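Hello,

Here is the structure we talked about handing over. My notes on its salt bridges follow below.

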Amino acid sequence: MYKKILLATDGSKCSKVAAEHAIKIAEQNNAELIVLTVTETYPVEKLPVEDLTRKVIQLFKEESEKALQDVEEMIKERGSPIKFVLKNVEGKAADSILRVAEDENVDLIVVGVSGKHAFERFVLGSVSEKVVRNARVPVLVVRSKKKK
């Protein structure tokens, strides 16, 4: 059913749960998995201290790389035979996810739902919501289990 799946991850607990689902779906469908992180550098690009800006951007990039490595490790620990590609792009998360999905001609997008409260969603917006509203392919939004 699916030949190419895009997993968007940020290294959070919820995105790790989404990764488990994406890996399993890729295995069941013998599909290629594109693991994507988006490094959002735009919030700090205009900081007045250039050296600080460079350091913060470097931290963001390292965090993105760690998220990719975590998913790669999950795939290898499972002994999964799936073909996968790790990809890191810079930009706004939702826009980048949608662009990569289009460029790579994926059949399914898998994202985790953030744990933001209503006020934060109002102010910041929701990446998963923007992806669902604008994607041209099915989107699986995964929520981690809530503690009772």
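Glu90 and Lys61 pair through their side chains in a salt bridge, 3.1 Å from N to O. The term means a side-chain nitrogen of Lys or Arg within 4 Å of a carboxyl oxygen of Asp or Glu. Glu90 sits in strand β3 (residues 84-90) and Lys61 in helix α2, so the pair ties together parts 29 residues apart in sequence. Helices (H or I, at least four residues) and strands (E, at least two) are DSSP runs, numbered from the N terminus. Glu90 is partly exposed at 43% relative accessible area, and Lys61 is partly exposed at 31%. Buried is under 20%, exposed over 50%, partly exposed in between (1.4 Å probe, protein chains only).

This is a predicted model: local features need pLDDT of at least 70, side-chain atom pairs count only at pLDDT 80 or more, and totals for chains, interfaces and linings use all residues. Residues are numbered from 1 along each chain as its sequence is written, and side-chain values use heavy atoms, with hydrogens and water left out.

The whole structure has 9 salt bridges. One of them joins Glu27 to Arg78, with the closest N and O atoms 2.6 Å apart. Glu27 is in helix α1 (residues 13-29) and Arg78 in helix α2 (residues 50-78), so this pair links parts 51 residues apart in sequence.

Glu72 and Lys76 form another, at 3.2 Å from N to O. Both lie in helix α2, 4 residues apart, about one turn. Glu72 is partly exposed at 23%; Lys76 is exposed at 56%.

Lys4, Lys87 and Glu104 form a salt-bridge network.

Best wishes
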